[in-house]
Each structure stands twice: as C-alpha cells, then as structure tokens.
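Please open the model in your viewer and keep the selection tool at hand.

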Amino acid sequence: MATRNLVDCGCTTGGMGLEERKAVRIWLNDEGRKIMRKTMFALITSATVALSAQAMAVDEPANIIKYRQAVMKAIGGHTGAIVGVAKGEVSFIGHVAAHARAIHDMSKLIPDLFPKGSDRAAFAETRALPDIWADWAKFEAAARKLQEESARMIQVAEGGGDAAAIGAQLQNMGKACGGCHKPFRAEKK
Ligand code: HEC
C-alpha cells in the first residue's frame, strides 16, 4: 500500500497533496482502531489472568516452597552439568560459563525465596530450618557466598580454564552450597 509506505518511512506528510493526506488520515484512523481493539483485548486478558491468579492465592507459603525447591533443583541441575564436564565425562567445556551464569542469576534470587513463616515447623514439605530467620544476616551472607563463587566460575570458564581448573572452582562453589545447607537445611526424612 502506497500510503502505508509514506507513513512507515517516517517522512513528514508536508509534501503530500490533499488526496494523499486524506488517505493517510483514513489509514491511520482505520489502523488506530484496530490497534486500540488489540490493546483493549490485551488489557482485559491480562486483567482476567491477574484476577484468577489472585483467586489462586499468589505467594502463599506453600506455593513459594514449591517454587523455591524448583529454583534449587535448577541450581542443582546446572551444578551437576558442570560436574560432568569437570570429570571429563563430557567435552562441553564451552557450556560451563552458561551454567555458571544460570547459577549466579539464581543465587541472587535466594533471599526472595524464604519469606518468614515458610519453615519446616509450619510446613512438612520443606527442609528449611527456622534458624534461617533466627540468623537472617548469616543466611544472606551464605547466599552472597554462592554469588561470589559462581561469579568466579564464570571467570574461570570464560578465561579458557580447562577441566581441572573448572573442577578446582567447583570445589569452592560446592563449599558455598554446603555452607548454607549445613546450618539451614534439615536432613532428608
Ligand atoms: C543461602 C542458602 C543456600 C545456598 C547457598 C544453596 N542452597 Fe540449596 N537449599 C537451601 C535450602 C534452605 C533448601 C531446602 C529448601 C526447601 O526444602 O524448601 C535447599 C534445597 C536444595 C535442593 C533440594 C531441592 C528440592 O528438591 O527440595 C537442592 C538440589 C539444592 N538445594 C542444591 C543446591 C546447590 C547445588 C547449591 C550450590 C551450588 C545450593 N543448593 C546452594 C539453601 C541453599
């Protein structure tokens, strides 16, 4: 469509004749209405989703526990993948930085995942000990430690570290996991 091109090119309508300008206006009106309808539809849809999400009680402790266990499993999955490379079971050394970045990003979410009252005393399905909230500063420091060690893993991988170098940093990163699990996570029942 010629008029569409005129509009899309971003040039002013100054050089156009009366007929052309009218065509552009009609096109804009037409198109404008379509866009408006789409926007309204999107707004209503997202409002409906928000309402039904509210009905499902967003951020209920039980839902957060499920969510944080999923995040922890993801951290565990990426760590397990790096273990495979460090042991030389797979040659995907070029993947390590991506796994380390995922762990690093997830480690920043950890404090969000532990709202007060989501402990094992209140919910049977979690292994989170009440000590987390009794010593929140220590818990946050443990999460920060993982941030640091995973950042170091990114550096080692991006610096072209071999499987041995990755294995060495994996030991450090593993200590950061244990540094939190030991004081703050109950044994499996
Ligand atoms: C700052 C504390 C903290 C750090 C750091 C941490 N974790 Fe955890 N992790 C926890 C807690 C607390 C739980 C128990 C969560 C629950 O049951 O609700 C947990 C649970 C898990 C689980 C079990 C998830 C499930 O299915 O219930 C895995 C796997 C896991 N962590 C892996 C890791 C790995 C691997 C690292 C290090 C790379 C790590 N975590 C670092 C606190 C931490």
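Which helix gives the most to the shell around the ligand? Select helix 3, which contributes 8 residues and gives the most. Helices here are DSSP runs (H or I, at least four residues; strands are E, at least two), numbered from the N terminus.

This is a predicted model: local features need pLDDT of at least 70, side-chain atom pairs count only at pLDDT 80 or more, and totals for chains, interfaces and linings use all residues. Residues are numbered from 1 along each chain as its sequence is written.

Next, select the 24 residues around the ligand; Met72, Gly76, Thr126, Cys177 and Cys180 come nearest. Two or more residues each come from helix 3 (61-86), helix 6 (136-158) and helix 7 (163-184).

Now select helix 6, whose 23 residues reach 33 Å from first C-alpha to last. Its buried residues (20 or more other C-beta atoms within 10 Å of their own, placed from the backbone) include Phe139, Leu146, Glu149 and Met153. The buried residues of helix 6 pack against helix 4 (96-109), helix 5 (131-134) and helix 7. Move on to Gly160, which follows helix 6 and has a positive phi, near 80°.

Finally, display the entire protein: 7 helices and 0 strands. Of its 189 residues, 19% count as buried.

Terms used:
Buried ≥ 20, exposed ≤ 12 C-beta atoms within 10 Å, placed from the backbone. Near = placed C-beta within 6 Å. Expected span 1.5 Å × (residues − 1). Contact = placed C-beta atoms within 7 Å.
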